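Here are some friendly notes to read with the model open beside you. Take the points in order and find each residue as you go.

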Amino acid sequence: MTDSNVILNAQLGSEQALEELISFWYRPILTFCYRRTLNQMTAEDITQNVFLKMTKSLALYHDKGQFKSWLFSIAVNACNDYYRKNHNFELVSEEEIEFAKISATEIYEQIELKGIIDEALRKLPVQQREVVVLHYLDGFSLKEISKLISCPQNTIKSRLYRALVSMREMIGKDVFVNES
């Protein structure tokens, strides 16, 4: 059964299709929520809320091949709701910054650096960490992130640039590799 068929069957009330969707997407959503909150229990609670919201609004979803973006937008909003209720965080002002391309994915995959990268991510402001996680770890383009979190693309670039500069300072300049 294709993704479109599973989604359509879930929309038509098939519990099996709904369970299949949740089973397939649970780990990526939980991982995203954990990287945003850095707390397993909180991430599990938010993930549960994401799937409750998905279930309630699945009938409103129109299959255009963007289910991943639609579901992650629910997760982004759920994480933002959590932070609005439980934390104060500083908004990053919008400004244009020359964007440096740095391959954080390659670094993250190196097992010996995983702990260092995780610690650097933990120290980033929430909004910067969110962009790094969505771009490098969840594979969203800057344009997709802009739509997901309802923020101008230049702001996304600014946050990503600031995050990568901060991580470079925390970890060391020789850790990041510039792509040409």
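1. Start with the largest nonpolar core, which has 47 residues. Such a core is a set of buried Ala, Val, Leu, Ile, Met, Phe, Trp, Tyr and Cys residues joined through side-chain atoms within 4.5 Å. Phe32, Phe67, Leu134 and Ile149 have the most contacts inside it. Among the helices (DSSP runs of H or I, at least four residues, numbered from the N terminus) that each supply at least two residues of this core are α2 (15-37) and α4 (67-86).

2. A word on the source: this is a predicted model, where local features need pLDDT of at least 70, side-chain atom pairs count only at pLDDT 80 or more, and totals for chains, interfaces and linings use all residues. Residues are numbered from 1 along each chain as its sequence is written, and side-chain values use heavy atoms, leaving out hydrogens and water.

3. Now look at Phe32. Not counting residues up to four places away in sequence, Phe32 touches Phe72, Ala75, Val76, Cys79, Val133, Leu134 and Asp138 (contact means heavy atoms within 4.5 Å).

4. Gln128 sits in helix α7. Is Gln128 buried or exposed? Gln128 counts as buried because its relative accessible area is 7% (buried means under 20%, exposed over 50%, partly exposed in between, with a 1.4 Å probe and protein chains only). Beyond four places in sequence, Gln128 touches Arg159, Arg162, Ala163 and Ser166.

5. Finally, Lys68 lies over the face of Phe140, at 4.8 Å from the ring centre. The rule here asks for NZ of Lys or CZ of Arg within 6 Å of the ring centre and within 35 degrees of the ring normal.
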